[in-house]
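I opened this entry to keep a record of what I looked up. The sequence and the structure come first, and my notes follow.

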Amino acid sequence: MSKTLFEKIAAREIPAGIVYEDDQVLAFRDINPQAPVHVLIVPKRAIPRVAAAGPGDQAVLGHLLLKAAEVAKQLGLANGYRLVINNGPDGGETVPHLHCHILGGRLLAWPPG
Ligand code: AMP
């Protein structure tokens, strides 16, 4: 199986601005930021998307959300932030390796486009 883009970032085969890493997840700056702070947090073991996740992924997905909150705090987003997981074509998913966007540093509009 070939590596996903984000597995290549985790393997340091593609450079990225890594802001957090542990044995299960990696967080790094989005290459095309949509807000003053835009970080992606991903499970190191690729799950294509949330719709493809199963019971065996429960622990890592819970860990990912808890770490997203920690990373947001570490990045100074005390006034709030948004977590986004795009799923499938209509959801705007472009990289088939589940990732949670952490967006903040400005007032974010609702509803999203
Ligand atoms: P999505 O559209 O939800 O699948 O999000 C994919 C995100 O990955 C987009 O926000 C891209 O800007 C981001 N992205 C693509 N390539 C890279 C890269 N090499 N390093 C960091 N972020 C990337």
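I began with His 101, which counts as buried because its relative accessibility is 12%; buried means under 20% relative accessible area, exposed over 50%, and partly exposed in between, with a 1.4 Å probe and protein chains only. His 101 belongs to strand β5, residues 100-104. I noted that helices (H or I, at least four residues) and strands (E, at least two) are DSSP runs, numbered from the N terminus.

This is a predicted model, where local features need pLDDT of at least 70, side-chain atom pairs count only at pLDDT 80 or more, and totals for chains, interfaces and linings use all residues. Residues are numbered from 1 along each chain as its sequence is written, and side-chain values use heavy atoms, with hydrogens and water left out.

Which side chain does His 101 join in a polar contact? I found His 38, at 2.8 Å. A polar contact is a pair of N or O atoms within 3.5 Å; within protein, one must be able to donate a hydrogen and the other to accept it, and residues adjacent in sequence count only if both atoms are side-chain atoms. I then listed what His 101 touches, leaving out residues up to four places away in sequence: Asp 30, His 38, Val 39, Leu 40, Arg 82, Leu 83, Val 84 and Asn 86. Contact here means heavy atoms within 4.5 Å.

Next I went to helix α2, where I looked up His 63. His 63 counts as buried, because its relative accessibility is 16%. Setting aside residues up to four places away in sequence, His 63 touches Asp 22, Gln 24 and Val 25.

Ala 69 is also in helix α2. Is Ala 69 buried, exposed or partly exposed? At 33% relative accessibility, Ala 69 counts as partly exposed. From Ala 69 to Ile 102 I count 33 residues along the chain, and their C-alpha atoms are separated by 8.8 Å.

Ala 78 sits in the loop between α2 (58-74) and β4 (81-84). Ala 78 counts as exposed, because its relative accessibility is 82%. Ala 78 is 26 residues from Gly 104 in sequence, and the C-alpha to C-alpha distance is 9.5 Å.

I also checked the backbone. Arg 12 is not a glycine, yet it has a positive phi of about 65 degrees. Arg 12 is in the loop between α1 (5-10) and β1 (18-21).

Last, I looked at the whole chain. I found three helices and five strands, in the order α-β-β-β-α-β-α-β from the N terminus on. The protein is as compact as a globular protein of its length, because its radius of gyration is 14 Å, close to the 13 Å that the globule rule gives for 113 residues. That radius is taken over C-alpha atoms, and the rule is 2.2 Å times the number of residues to the power 0.38. The C-alpha trace spans about 40 × 30 × 25 Å along its principal axes.

Of the 113 residues, 38% count as buried. Among contacts between residues at least 6 apart in sequence, 52% join residues at least 24 apart.
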